[in-house]
Amino acid sequence: MSERISVGEAADFLKEHDNYLIISHANPDGDTLGCAFSLCRALQKLGKKAKNICADEISHRYDFMKKAVEPQEFKPETYITVDVADRKLLGDLNNTYGDKIDLAVDHHVSHVDFAVRLLIEPHAAAAAQVVYKLILELGGGELFDEQIAACLYTGISTDSGCFRYSCANAESHRIAAELLEYDFDHAHLDYVFFDLKTKARIALEEQIYREIEYYCGGKCAVVALTREQLESVDSEDSNGLSAIPRMIEGVEVGVVIKQRKNGSWKASLRSNNTVDVQEICARFGGGGHEKAAGCSFSNMSLEEAKKQLIAEIGKVLE
């Protein structure tokens with residue numbers, strides 16, 4: 001049975017235990033990694049043993065985070081997940097650790113309880129906001145430094161679209177302002193995560209703009225990417241593509257469907273205005289946030305997956 005706890009209770013739990021394994025979700029993004037590395041560094045500064053793990057390779061763009069923690073060898077005793085809404089999102093680590101999680105720190109309204117203790121704040125734009133408060137509770141301002149600040153800033157910035165999405169609330173800006181008091185190059189981080197593009201990414205975007213399909217009277221824009229197309233870029237280059245369809249004038253719901261290695265399809269939905277895409281994705285066993293959510297389709301063709309998804313979107317738009 002899972003128990004929802006407060007930030008203070010989570011901090012007390014961390015103070016009382018040791019030998020932490022902090023687990024990020026598969027296909028890691030700036031939020032899950034920012035949470036993992038900042039929390040790991042904070043625990044190490046408290047004299048605890050802690051290390052991070054992820055099922056998938058971490059992009060070189062996050063190398064600055066890796067430098068924030070000391071490599072430590074020990075047998076894990078306490079297991080934490082950060083920014084993981086469902087144990088299935090642990091990827092290949094699910095079978096090994098999915099039923100061992102002592103504390104889950106998350107911000108998804110669609111969180112599926114799997115940990116013994118849950119520290120969840122659905123109003124937060126990023127899980128990094130929750131980890132910020134957790135670290136503050138663990139050691140006050142004394143624990144914070146430029147490395148922890150850079151990790152947490154990356155988490156909040158990347159999950160809020162550099163503070164452009166509606167999820168970026170007043171708390172997001174207040175915490176970011178506190179983090180900017182530390183000496184790290186936030187402008188460079190924003191450039192790396194929002195402006196920098198490889199030539200391969202540019203080529204992929206060209207394909208996307210040529211192949212966009214419109215449905216529901218132009219209110220829904222859909223892009224589908226096969227494994228062959230995705231293999232032309234690294235994993236980091238394929239992140240952020242879900243934002244492209246929603247940029248188009250008149251589009252209420254943007255959809256990017258990616259083919260996984262096992263042949264299944266993962267759909268990422270983004271909403272511009274009043275459509276709750278989390279509710280749509282929940283009908284297919286997925287989840288996320290009101291304006292950003294995802295779901296999967298297995299054992300079916302791309303055309304069948306699109307047909308089912310567009311039918312549900314159409315019910316809302318029409």
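**Ground rules.** I number residues from 1 along each chain as its sequence is written, and my side-chain values use heavy atoms, with hydrogens and water left out. As the model is predicted, I ask for pLDDT of at least 70 for local features and count side-chain atom pairs only at pLDDT 80 or more, while totals for chains, interfaces and linings use all residues.

**Cysteines.** I looked for disulfides (a pair of cysteine sulfur atoms within 2.5 Å) and got zero. Cys151 is in none, and its nearest cysteine sulfur, on Cys35, sits 9.7 Å away. I also checked the cover on Cys151, where buried means under 20% relative accessible area, exposed over 50% and partly exposed in between (1.4 Å probe, protein chains only). Cys151 comes out at 1%, so I put it down as buried. Cys220 is in no disulfide either; the sulfur of Cys216 is the nearest, at 5.1 Å. With a relative accessible area of 0%, Cys220 is buried too.

**Positive phi.** Most residues other than glycine have a negative phi. Which residues did I note with a positive value? Cys216 has phi near 55°, and Asp83 has phi near 65°. Cys216 is in the loop between β7 (213-215) and β8 (220-225); I take helices (H or I, at least four residues) and strands (E, at least two) as DSSP runs, numbered from the N terminus. Cys216 is buried at 14% relative accessibility. Asp83 belongs to the loop between β4 (78-82) and α4 (94-97), and it is buried at 3%.

**Phe114.** I found this one in the loop between β5 (103-106) and β6 (117-120). Buried or exposed? Phe114 is buried, at 14% relative accessible area. Asp86 is 28 residues from Phe114 in sequence, and their C-alphas are 7.2 Å apart.

**Negative patch.** Glu3, Glu9, Asp12, Glu16 and Glu137 form a negative surface patch. My patch rule takes residues with over 30% relative accessible area and no salt bridge, joining like charges within 9 Å and nonpolar side chains (Val, Leu, Ile, Met, Phe, Trp, Tyr) within 5 Å. Helix α1 (residues 7-16) gives the most to this patch, with three residues. Asp12 lies in that helix and is partly exposed, at 40%.

**Salt bridges.** I count a salt bridge when a side-chain nitrogen of Lys or Arg is within 4 Å of a carboxyl oxygen of Asp or Glu. How many did that give? The count comes to 14.

- Lys45 pairs with Asp145, with the closest N and O atoms 3.0 Å apart. Lys45 is in helix α2 (residues 30-45) and Asp145 in the loop between α5 (127-139) and α6 (146-159), so this pair ties together parts 100 residues apart in sequence. Lys45 is partly exposed at 38%, whereas Asp145 is buried at 10%.
- Glu231 and Arg227 meet at 4.0 Å, N to O. Glu231 is exposed at 57%, while Arg227 is buried at 19%.
- Arg283 and Glu279 meet at 3.3 Å, N to O. I have Arg283 as partly exposed at 40% and Glu279 as partly exposed at 43%. Shared partners join Glu279, Arg283, Glu312 and Lys315 into one salt-bridge network.

Notes:
Areas by Shrake-Rupley, 256 points an atom, 1.4 Å probe, with all protein chains shown as cover. Lys, Arg positive; Asp, Glu negative; His and termini not counted. Charge placed at Lys NZ, Arg CZ, Asp CG, Glu CD.
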